[in-house]
Amino acid sequence: MFPPIAWIAAAFAAGIALGRWSVLSAWIWFAASTGSVLAAAWCVNLRRPATVPLLAGAATVGALWVMLHADPVAAPVLTAAFGRDVTLAGVVVRPPQRGSERVRAVVSVEHIDSAGRSSPADGLVLVTFPQSSDVLYGDRIAISGRLVRPPPAGNPGEFSYRDYLASRGIGAVLYPQRHAHVHVIEHGLATPILAAADIVRRRMTSFLLTALPGQRGALMASLLLGDDGAIGPEARDDFARSGLLHVLVVSGAQVGLVLASVLWLGRLLRVPLLPASGVAAAVTLFFALMTGWVPSVARAAMMALIGLAAPLLQRGRDAHAALAVAALALLVSQPLLLFDAGFQLSFAATWGLIFIAPVLTLHLSALPRSLRSLFAMTVAAQIAVGPLLAYHFLQISVVGLAANLIVIPLVALLVPAGFAVAVVGAVIPTLGVSLAPVLGPPADAVRWTAAVFARLPLSAVPVEAPSLLGIAGFYAVLVATVEWLRGRVRVTRAAIVAAVSGAVALALWAQVFAATVPPQLVITFLDVGQGDSIVVQAPSGRTMLVDGGGEVEGHLTGYDVGARRLVPALRRLHLRTIDIMLLSHPHEDHVGGLIAALQNFPVGLVLDSGFEHPAPSYPRFLRLVEAQQIPYRLARRGQRLDLGDGAAAAVLNPRDPLIVGSSSDVHANSVVARLAYGATSVLLTGDIEALTEAILLGDGTDLHSTVLKVAHHGSATSSTPVFLDAVAPQVAVISVGAMNPFGHPHRATLEALQAVGAAVYRTDVHGAVTVASDGVQVWVRTVRDAGDR
Ligand SMILES: [Zn+2]
C-alpha cells in the first residue's frame with residue numbers, strides 16, 4: 001500500500017509523540033531501540049521478515065531523538081537572566097522577518113551584561129524590534145531589553161510559543177525597552193548565499209509594494225515570498241474565515257510552480273536534461289532559502305530535489321517515498337516540528353494530493369476533463385487537512401471548498417506571472433512597473449473572493465477539538481475508503497459485519513465505561529495571564545463561568561484575552577452553553593474576556609455585583625447582556641445557585657447596601673460564592689480584601705472550604721491569617737500572570753497559605769489548574785509541572 005520508507009517515517013513520528021508525552025526516561029528508550037536493532041539484525045540473519053523490529057526500532061529511536069533534541073539549551077548565564085533587564089551582543093543569524101507591527105530577528109548571542117556582570121554566552125535569542133529599525137541579516141548588534149523565557153501553553157491543548165520557538169532552536173526572547181537604540185557594531189557577517197537570498201527577497205518585496213499600491217502589493221508579497229508584514233488584520237481574518245489562509249503563506253504550490261517554470265523554460269530552450277535539472281534544483285533551493293526555509297517550503301523543496309534526481313538515478317518516481325524522506329529529514333533535523341501546525345498541514349495536504357486526489361479524479365467522470373483534476377485536488381487537500389484544522393484552530397470553513405475552487409486557478413496564474421514581473425522589476429524597475437498592472441485584476445479577484453466567502457453564513461463554523469483517537473480513526477477510515485475505491489481492498493460481507501459489530505461493541509463498551517465513572521464536579525482555573533477565569537462543570541452537565549480574564553487596566557494593549565485564550569479554552573473543555581455567568585467585580589482583568597464569551601456561547605443567566613466602575617469593557621458587557629436578552633440579576637448574599645445533582649453555590653457577598661469608603665470599594669464588593677458538592681467545597685473570592693474578609697468572619701458565615709481561590713491574585717491586601725484559618729483549605733489556587741506589574745502573589749500570602757497547610761497552585765507556574773471532586777475528595781491536575789515554568 002505504502003512504500004517501506006513511509007512506514008518507517010510514520011513509526012519515527014509516532015515515536016517522537018511517545019517520547020514527548022510519556023514519562024519514561026531516555027535510558028529506557030535507549031535500551032528499547034538497541035534491543036529492536038539487535039532483533040532486526042537477528043531476523044535478517046535468519047532470513048525472516050524484520051518488519052516488526054524495524055518499525056519498533058524507528059519508533060524508539062524517534063522517542064530517544066526528541067528527548068535529546070527537544071529543548072534548545074541556552075547557556076546558564078542566559079537562563080539565570082530570565083526576567084531581568086540585560087544588554088545582549090550577538091550576530092543576526094537569520095534574515096529578519098517583518099511582521100505587521102514588529103521586526104523579528106534571531107540573534108546568536110556572544111555576550112551578555114546582566115546585573116552588573118559581563119559574561120560570554122551562547123544560544124539563539126529572538127529579538128523583536130520596532131518596525132522602524134533597520135537591522136540587517138549578518139549585523140553584529142548590541143541591544144538592551146527584558147530577557148524572558150518564551151511562555152509555554154497555559155491551557156489544555158493551547159498553542160505553545162515555547163515549543164514553537166524551540167522547534168526553531170530558540171530558547172529565549174528579548175523585548176527591547178521602548179525607544180531602545182540598536183547599536184550596529186559591524187555589518188556583513190552573513191553566510192553569502194543566505195545574504196544574497198535575503199537581498200533578492202527584500203528587493204522583490206519592496207518592488208511589489210511600490211508597484212502595486214494597497215492590498216494588491218501586500219497580497220502579492222505574501223503569496224510569492226511569505227512577506228506578510230503589509231497584510232492588515234482584517235484581510236488576514238477574511239482569508240482565515242474563508243479557508244484561504246494558505247494563500248498568504250508560501251507553500252509547496254509556489255515551490256512547484258517555480259520548479260515547473262524553470263523546467264518549462266529549459267525545454268523551450270532545448271537544454272539537455274542533466275544541466276536543466278541542475279539549474280532547476282539550484283533555483284528551487286535558492287527560492288526555499290529566500291522564503292525562510294519554513295516547514296512547508298522545506299518539505300516541497302526536498303520533494304522537488306528527490307523528484308529531479310529520480311530520473312537521473314534511473315529510479316522510478318514514488319511520491320509517497322519522496323514525502324516520507326522529506327518528513328524524516330525534517331524530523332531528524334528538529335523533532336519538535338512534528339507538533340508544528342504548519343508542518344502537519346503541509347504534509348497532510350500533500351499526502352491528500354498524492355493519495356486521495358488520483359482516486360477522486362477517476363470517480364469524477366461526470367465533470368469536464370479540465371475541471372476534474374482541479375476539483376479532485378482541492379477536495380483531496382481539504383479532506384486531508386480537515387481534522388488538523390479543527391484541532392488547531394477550532395473552526396472549519398464549510399465554504400472553503402468553493403472558495404478554493406475559485407482561488408486555486410487564480411493562484412496558479414498569479415504565482416508564475418507574479419514572479420516574472422517581480423524578477424523583471426527587481427532588475428529593471430521601470431519595465432517592472434509598467435508590467436505590474438496585469439497582476440491587479442487576478443489579485444483583486446483573490447482578495448474579493450476571500451472577503452465575500454468570509455461573510456457567508458457557513459464560513460468559520462466553530463467546532464470542538466477532535467480527540468487524538470478521533471483524528472487517528474478518521475485517517476484510518478480514510479485510508480480504508482481510498483483503498484476500497486481503488487479496488488485494492490475487496491469488501492466482503494464478512495468484513496462489513498465485522499466492522500459494524502466492532503463499532504457497535506466499542507460504542508457499548510464506552511457507555512458501560514462511562515457509567516462506571518462516578519459523576520464529578522470539575523472546576524478549571526484557566527490561565528488567562530493576570531486576571532481570573534474559572535469554569536465550573538457540574539455533574540449534571542450544567543456550567544458556570546466566573547469571570548473571563550482580560551487586560552490589566554493601565555496596561556491596555558488591545559490584546560483580546562477572551563477571543564484569543566478564553567473562548568478556545570472553553571471549546572477545548574467541550575462547553576456548549578454557559579448556564580450561569582458570574583462577574584465577581586467589574587475590573588478589566590475579570591470582565592474583559594466575558595465579551596468574547598457572550599459573543600460565542602449562549603448564556604442562561606448573568607450575575608454581577610452591580611458596583612459601577614469605569615473599566616473599558618464593563619459598559620459593553622452590560623449592553624451585550626441587554627441586547628441578547630439574557631436574564632440579569634444582582635448577586636446578593638443569601639442567593640443560592642443550583643447547578644443540579646447536588647452541586648450548588650451560595651452567594652456570601654456583596655450585601656445591601658454595598659460597602660463604601662474602603663480602600664477599594666470595587667474590590668470590597670466582589671461576589672464571593674461557596675460552591676459545595678457533597679462533603680467538598682470551593683470558595684470563590686473575587687478580589688476581596690481584608691475588610692470584606694473581616695465582615696464575613698464577623699457574622700459567622702461558614703467559610704470552611706476544601707479549595708480556596710485565593711483573593712486578589714495573592715495580593716498582600718487580602719488573605720489575612722484569621723480568614724485563612726477559618727477557610728482551612730487543603731488546596732489553594734492563585735490566578736496570576738507571570739511577571740505582572742503588581743508583584744502578585746505576595747510572599748507573605750504564600751507563607752500564610754503554607755502556614756495553614758494548603759497545597760498552593762499558581763496559574764503562572766502550573767498553567768490551568770483543574771480540581772475534580774466526587775463529593776468525597778478532590779483531585780488536582782495541572783497543565784505543567786512546577787519544574788518547567
Ligand atoms: Zn483582579
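Modeller: Donors are N, O and S atoms within 2.8 Å of the metal, and since water is not among the atoms, sites may look incomplete. Please keep in mind that this is a predicted model.

Biologist: With that cut-off in place, how are the donor residues of the zinc ion spaced in sequence?

Modeller: The coordinating atoms come from Asp589 (OD), His590 (NE2), Asp687 (OD) and His713 (NE2), at 2.1 to 2.5 Å from the zinc ion. His590 sits in helix α21 (residues 588-591) and His713 in the loop between β21 (707-709) and α26 (721-727), so that this pair links distant parts of the chain, 123 residues apart. Both His590 and His713 are buried. Written as a pattern, the spacing of the donor residues is D-H-x96-D-x25-H.

Biologist: What is the arrangement of the 4 donor atoms around the zinc ion?

Modeller: Ideal angles for four tetrahedral donors are 109.5 degrees. To count as tetrahedral, four donors need all their angles between 85 and 135 degrees. Here the 4 donor atoms subtend angles of 85 to 161° at the zinc ion, which makes the arrangement irregular.

Biologist: Which feature does UniProt place at residues 530-738?

Modeller: Over residues 530-738 the chain is 25% helix and 24% strand, with the end C-alpha atoms 7 Å apart. The name comes from an unreviewed UniProt entry, which places at these positions the feature "domain: Metallo-beta-lactamase".

Biologist: How far apart are the end C-alpha atoms of residues 345-367?

Modeller: The unreviewed UniProt entry gives the feature "transmembrane region" for several spans, including 273-290 and 345-367. Residues 273-290 are 100% helix and 0% strand, and their end C-alpha atoms lie 25 Å apart. Residues 345-367 are 78% helix and 0% strand, and the distance between their end C-alpha atoms is 28 Å.

Biologist: Is Ala732 buried or exposed?

Modeller: Ala732 belongs to strand β22 (residues 731-734). Leaving aside residues up to four places away in sequence, Ala732 touches several others, among them Leu708, Val710 and Leu753. With a relative accessible area of 0%, Ala732 is buried.

Biologist: Which peptide bond is cis, with omega near -10°?

Modeller: Most peptide bonds are trans. Pro654 and Pro657 are both found in the loop between β18 and α24. A cis peptide bond with omega of about -5° joins Asn653 and Pro654, while the cis bond with omega near -10° runs from Asp656 to Pro657.

Biologist: How does His574 count in terms of relative accessibility?

Modeller: His574 lies in the loop between α20 (561-572) and β14 (578-583), and has a positive phi of about 65° although it is not a glycine. Arg47, in the loop between α2 (26-45) and α3 (51-69), also has a positive phi, near 55°, and is exposed with a relative accessible area of 78%. At 44% relative accessibility, His574 counts as partly exposed.

Biologist: Finally, what is the radius of gyration of the protein?

Modeller: The protein has 28 helices and 25 strands, and its C-alpha atoms fill a box of roughly 95 × 70 × 55 Å along the principal axes. Of the 789 residues, 49% count as buried. A compact globule with 789 residues would have a radius of gyration near 28 Å, which agrees with the value for the protein, 29 Å.

Note on methods: Residues numbered from 1 in each chain as written. Predicted model: local features only at pLDDT ≥ 70, side-chain atom pairs only at ≥ 80, totals over all residues. Heavy atoms only, no water. Donors = N, O, S within 2.8 Å, 3.2 Å for Na, K, Ca; no water. Tetrahedral: all angles 85-135°; square planar, octahedral: opposite > 155°, others 65-115°. Helix = DSSP H or I, 4+ residues; strand = E, 2+ residues; numbered from the N terminus. Buried < 20%, exposed > 50% of the residue type's maximum accessible area, 1.4 Å probe, protein only. Rg over C-alpha atoms; globule rule 2.2 N^0.38 Å. UniProt positions renumbered as here; feature names shortened; annotations may be inferred. Contact = heavy atoms within 4.5 Å.
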